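Here is a short briefing on one protein chain. Keep the sequence and the 3D view open as you read.

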Amino acid sequence: STLPDEKYGCYQQLQATIKASSLFVQIPPLQEAAVTHILGGWLQGAHRKLTPEQTHLVVQAFHTCPLPLFLKLAFDEACRWHSFSKPEETRLQTTVVSCIHALFERLEKDHGKLLVQHALGYITAGKSGLTESELEDVLSCDDDVLNDVFEWWVPPVRRLPPMLWVRIKAELAPYLVERGADGASVIFWYHRQVIETATQ
């Protein structure tokens with residue numbers, strides 16, 4: 001799929017390559033019944049439940065930004081709620097970009113601002129992506145990261161503990177993709193809007 005916006009150029013390039021207009025199909029917006037069905041499937045797969053009020057909040061939020069990526073981001077945030085969560089704890093963002101910013105800010109809070117910023121920066125800067133070994137190596141050569149990680153103790157080997165990246169990756173898994181490049185399996189961002197937000 002692609003967007004018709006001229007600033008991306010993908011749709012225009014496809015039109016120049018594929019002459020038959022009948023081969024292009026416009027994807028209509030998701031209807032509320034489909035949104036509820038998708039949420040139910042995701043919740044079942046994640047072994048989670050939302051109260052009817054919380055489900056309504058997610059569906060209403062989707063109406064403000066009816067994009068599949070927004071629905072996924074809102075769902076991931078809603079999975080952190082409890083049935084007893086207060087109303088102020090169950091608020092959702094209103095755009096894809098604000099959702100991604102909120103995700104990055106939560107990762108920084110949970111795993112350390114410097115480590116998260118540098119790790120995501122290296123992934124974004126990689127032309128074709130980075131292997132996990134490359135990412136661990138470059139983070140282990142980053143004195144700012146190591147000084148922050150080892151602020152309170154001196155390790156026998158001054159290298160980033162692998163589990164730190166594993167925890168971050170686990171939370172970012174829906175927004176990362178593994179693909180082949182130069183004979184190796186590399187990780188990179190799954191969606192253009194995540195790349196653009198991370199670049200900011």
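Is K72 buried, partly exposed or exposed? K72 is partly exposed, because its relative accessible area is 23%. This is a predicted model.

**Salt bridges**
- The count comes to seven salt bridges.
- K72 pairs with D76, with the closest N and O atoms 3.2 Å apart. The two are four residues apart in helix 4, so about one helical turn separates them.
- D143 forms a salt bridge with R158, at 3.9 Å between the closest N and O atoms. D143 lies in helix 8 and R158 in the loop between helix 8 and helix 9, so the pair ties together parts that are 15 residues apart in sequence.
- Both partners are partly exposed: D143 has 46% relative accessibility, and R158 has a relative accessible area of 42%.
- E178 bridges to K169, the closest N and O atoms being 3.3 Å apart. E132, K169 and E178 are linked in a network of salt bridges.

**Helix 2**
- Helix 2 covers residues 32-46, and its 15 residues should span 21 Å at 1.5 Å a residue. The end C-alpha atoms are 21 Å apart, which agrees.
- V35, L39 and L43 are buried in helix 2. They lie on the same side of the helix, because they cover an arc of only 65° around the axis.
- Helix 3 and helix 4 are among the parts that cover these buried residues.
- The face turned away carries the exposed residues A33, H37, Q44 and G45.
- H47 follows helix 2 and has a positive phi, near 55°.

**Nonpolar core**
- The largest nonpolar core has 46 residues. Helix 4 gives the largest share, seven residues.
- V58 is among the residues with the most contacts inside this core. Beyond its neighbours within four places in sequence, V58 has contacts that include L39, L50 and W81.

Terms used: Residues numbered from 1 in each chain as written. Predicted model: local features only at pLDDT ≥ 70, side-chain atom pairs only at ≥ 80, totals over all residues. Heavy atoms only, no water. Expected span 1.5 Å × (residues − 1). Buried < 20%, exposed > 50% of the residue type's maximum accessible area, 1.4 Å probe, protein only. Arc of directions from axis to C-beta. Contact = heavy atoms within 4.5 Å. Core = buried A, V, L, I, M, F, W, Y, C linked by side-chain atoms within 4.5 Å. Salt bridge = Lys/Arg side-chain N within 4 Å of Asp/Glu carboxyl O.
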